[in-house]
Amino acid sequence: MKVLLLLVMLTTCAASPQDLSDKIFTFPLRTNTARVKLITSRENFSAVTVCLRSFTDNTRDHILFSLATPSNDYDFLMLRQAIENTIDLYSRNNVAVFTEPDYTLNTWHSICSTWDSESGLVQLWFDGQPSMRKFVSSGSNITGHTRIVLGQVLDAYDGGFDINQSFVGMLTDVHMWDHVLSPCEIQDYVQELNFSPGNVLNWRALEFQIVDKVLIENKKRTCY
Ligand SMILES: *[C@@H]1O[C@H](CO)[C@@H](O)[C@H](O)[C@H]1NC(C)=O
Ligand SMILES: *[C@@H]1O[C@H](CO)[C@@H](O)[C@H](O)[C@H]1NC(C)=O
Ligand SMILES: *[C@@H]1O[C@H](CO)[C@@H](O)[C@H](O)[C@H]1NC(C)=O
């Protein structure tokens, strides 16, 4: 009997980083599948800052940023709640609710969220305006394999997506840092000045994987 030994070459399909300066992700459909997985090998965070810009006409709840680990589905989340007119920031599965009356539709907003495990406080920066700082969770790091998704809420670590919280609109300039940015650094981001790009997720060197209908488009410059 002949035994044929096949050497299976497992090619690792690690997406190489792409510079998305002047690009946006467009999420054109309400689905429970379309999403962008953002890839980082980093884990074990004692502090986090996430900044992004979003544009939507979506009048229902929608996710802005979703980070899960094996131990917590909502390890770092930014969620828009429409009826309550809030932006909810989660860390370590705990939530702080920020009333945000200026969530105008059909316009770009810069939204940053910071958290550190020492104080346990989260803060929302909405179009450069700081919120008060609220307590969510202190004393433990975000640890374990990091899964990050744009467009859907990672409601279960193994992925079950709720169409009613999906994102329809445009996202750009997504950065994540492993520390709390200073107010000046956040203003530099908001005003699109020079800033140190994210050392966990960097829009100018982003590793990602698109699932279903999400498009990479050029930023439209205003024509005067
Ligand atoms: C996190 O990092 C610290 C310092 O490197 C280490 O002592 C700790 O064991 C790590 N925790 C986990 C869960 O990996
Ligand atoms: C938390 O993370 C920081 C930075 O990675 C590390 O220095 C620290 O040891 C970690 N703490 C624990 C309890 O793992
Ligand atoms: C989404 O919302 C619609 C209308 O409110 C509801 O009928 C439907 O059951 C919801 N779907 C899920 C998966 O929750």
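Student: Which hand does the link of cysteine 51 and cysteine 112 have?

Tutor: That link is right-handed, with 115° about the S-S bond. Bear in mind that this is a predicted model.

Student: How far apart are the sulfur atoms of cysteine 51 and cysteine 112?

Tutor: They sit 2.1 Å apart, and the two residues form a disulfide. As for where it ties the chain, cysteine 51 lies in strand β3 (residues 47–55) and cysteine 112 in strand β8 (residues 109–116). The pair is 61 residues apart, so to speak a link between distant parts of the chain.

Student: How many disulfides does the structure hold?

Tutor: One.

Student: Are cysteine 51 and cysteine 112 buried or exposed?

Tutor: Cysteine 51 is buried, and cysteine 112 is too. Cysteine 184, on the other hand, is exposed, with a relative accessible area of 57%.

Student: OK, switching to the sheet. What's the strand order?

Tutor: The order is β7-β6-β5-β4-β11-β2-β13, an open sheet of seven strands with antiparallel pairing. From one strand to the next, the twist averages 20°.

Student: Which strands stand at the edges?

Tutor: β7 (94–99) and β13 (208–211). Each has a single partner strand, so one side of each has no neighbour in the sheet.

Student: And β4, how many of its residues are buried?

Tutor: Seven of the seven, covering residues 62–68, so β4 is largely enclosed by the rest of the structure.

Student: What does β4 pair with?

Tutor: Five bridges join β4 to β5, and the two run antiparallel. Within that pairing, serine 66 stands opposite leucine 77. β4 also pairs with strand β11 (residues 147–150) in the antiparallel sense, over three bridges. There, alanine 68 has arginine 147 as its bridge partner.

Student: How many bridges join β5 to β6?

Tutor: Six, between residues 76–81 of β5 and residues 86–91 of β6, again in antiparallel fashion. If you want a pair to look up, methionine 78 has leucine 89 in β6 as its bridge partner.

Student: Last topic, ligand 2. Which residues surround it?

Tutor: Asn44, Ser46 and Asn141. The protein buries 34% of the 360 Å² that ligand 2 exposes when taken alone.

Student: What do the oxygen atoms of ligand 2 contact on asparagine 44 and asparagine 141?

Tutor: On asparagine 44, a polar backbone atom is 3.1 Å from an oxygen atom of the ligand. On asparagine 141, an N or O atom in the side chain is 2.3 Å from a ligand oxygen.

Methods. Residues are numbered from 1 along each chain as its sequence is written. Chains are lettered from A and ligands numbered from 1 in the order in which they are written. This is a predicted model: local features need pLDDT of at least 70, side-chain atom pairs count only at pLDDT 80 or more; totals for chains, interfaces and linings use all residues. Side-chain values use heavy atoms; hydrogens and water are left out. A residue is near a molecule or strand if one of its heavy atoms lies within 4 Å of it. A polar contact is a pair of N or O atoms within 3.5 Å; within protein, one must be able to donate a hydrogen and the other to accept it, and residues adjacent in sequence count only if both atoms are side-chain atoms. Accessible areas come from the Shrake-Rupley method with a 1.4 Å probe; for residues, only the protein chains shown count as cover. Two strands pair if DSSP finds at least two bridges between them. Helices (H or I, at least four residues) and strands (E, at least two) are DSSP runs, numbered from the N terminus. Axes are lines fitted to C-alpha atoms, for helices over the stretch in contact, and angles run from 0 to 180 degrees between N-to-C directions. Buried means under 20% relative accessible area, exposed over 50%, partly exposed in between (1.4 Å probe, protein chains only). A disulfide is a pair of cysteine sulfur atoms within 2.5 Å.
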